[in-house]
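Student: I have a model open and would like to learn how to read it. Where do I begin?

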Amino acid sequence: MLSFDIAIIGAGPAGCAAALTLAQSNCRVALFEKETFPRPKICGDGVCDRSVNTLRAISQEYYDEFMQFAEKQTMSSTTFVYKNNRSVLNLKNFGYVCKREFFDNFLFSLVQRNSQNVEVFQQTPVQYFDKLSNQEKTEQGFILHDAQGNTYKTYLLIVANGAKSNIAQQLTGEKYSEKENGVAIRAYYEGVSGCDAQSIELHYKKEYFPGYLWIFPMANGICNVGFGGAIEKLKTQPENIQAIMQQWISGDEELKKRFANARIISPIQGGLVPYNNNVFNCSGEGFMICGDAASLIDPISGGGIGNAMLSGRLAALQAVDCVQTQDFSAQKTKLYEEALKKRIQREIKNRLRIQRAIIRFPFLLNVLSFVSKNQKIFNRIARWYN
Ligand SMILES: Cc1cc2nc3c(=O)[nH]c(=O)nc-3n(C[C@H](O)[C@H](O)[C@H](O)COP(=O)(O)OP(=O)(O)OC[C@H]3O[C@@H](n4cnc5c(N)ncnc54)[C@H](O)[C@@H]3O)c2cc1C
């Protein structure tokens, strides 16, 4: 049986950030991925500054390479639209729009090219695990089982296999709950008029907040257009999510004109958005959970790539310490959870506060829309999305 110090499950942004960080260590690492790269990924394709800053924290060279990466479009401003009111915020280094198929493959290629100590297994879904343990701690860690019946031994697990992870649920005992989740759909369009190539658009209606409709311009005149919101809220609507998005576009005077000659060039596809609810249950004896598997998506912007990469990196740093000290205890892996909280808990708490206030008192959106004409206040609001 192949044996490793650390096994990472999932090679999305969280898993790749972990693998790239661990490539700088002497640990024996396995990276398991159920698909083969490049693989498509349903997303709004908005790659925020936290994602690229995490890449830079891993290696300036990787960051420089991403700056040269042709498949991305710079986002220099965000246009917020509420009740025909448009507020444009110019931002420096806000992020990029980059098709996830390309962005994720970029990260994955870095792992393949630069990580001698990381053995990569594609087309290898980890199906289940057995936990090894005895009182003397002579046996510890996990045996992983893949779909082909192969087994692998590891001391430490980094779980990064995305939303609704059955592995994370088994490890933490926490069951999937619709209450904490959102859902979003997106499609690619060509020929949407009136777009500013470097400005992403967020359109709001009070009944869907914190959900919104987005238009993210990409290269070659293509736009990623999508809509998402909290499952509980969308369930109370008479129409399904696709109908909401399509009726929004066809029912809004301005959008109707802008989409008059647009053509949809992909299926409308969707996925889960596991919002963070200020619950960080992402570590335990022998494991750490990152990204969507740990429900780390921002509760207002719906962005998750940045927190996925940050959590992957922090888990990897803690993993190195665990291997060096041969201590895989819950107290030790908890240090990862603490480091993550230190970085994002305050921000999450603030956003939840704002989110709950607006849900309770929707007129606040009018107020925000009005006060956001004041650049200073608008800058504060804009940080929710940054
Ligand atoms: C419609 C939509 C739009 C979105 N738009 C944005 C956006 O614009 N910006 C943003 O920041 N976020 C956005 N998000 C959220 C974002 O997609 C996620 O937060 C992000 O992908 C999380 O990264 P991750 O690495 O945790 O998980 P993932 O990207 O889901 O990666 C998990 C990986 O694990 C693999 N895997 C799964 N199970 C197994 C297994 N058993 N064994 C091995 N491998 C496995 C998967 O194949 C996948 O490669 C959007 C989400 C949706 C649904």
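Tutor: Begin with the definition of the elements: helices (H or I, at least four residues) and strands (E, at least two) are DSSP runs, numbered from the N terminus. Keep in mind that this is a predicted model.

Student: How many helices and strands are in the protein chain?

Tutor: The protein chain has 12 helices and 17 strands.

Student: What share of the residues is buried?

Tutor: A residue counts as buried if 20 or more other C-beta atoms lie within 10 Å of its own. Buried residues make up 44% of the 386 in the protein chain.

Student: Which residues come nearest to the ligand?

Tutor: There are 40 residues around the ligand, and G10, G12, G44, G291 and G304 come nearest. Elements giving two or more residues to this shell include α1 (13-22), β10 (181-190) and α9 (305-325). By class, the shell has 18 nonpolar, 15 polar and seven charged residues.

Student: Why does the ligand lie between domain 1 and domain 2?

Tutor: Domain 1 (2-74 + 98-177 + 275-353) and domain 2 (179-273 + 362-385) both give residues to the shell, so the ligand lies between them.

Student: Is α1 mostly covered or exposed?

Tutor: α1 is mostly covered, with 10 of its 10 residues buried. Among them are P13, C16 and L22.

Conventions. Residues are numbered from 1 along each chain as its sequence is written. This is a predicted model: local features need pLDDT of at least 70, side-chain atom pairs count only at pLDDT 80 or more; totals for chains, interfaces and linings use all residues. A residue is near a molecule or strand if its C-beta atom, placed from the backbone, lies within 6 Å of it. Ala, Val, Leu, Ile, Met, Phe, Trp, Tyr, Cys and Pro count as nonpolar, Asp, Glu, Lys and Arg as charged, and the others, Gly among them, as polar. Domain bounds come from an automatic or database domain assignment. A residue is buried if 20 or more other C-beta atoms lie within 10 Å of its own, exposed if 12 or fewer, and partly exposed in between; C-beta atoms are placed from the backbone.
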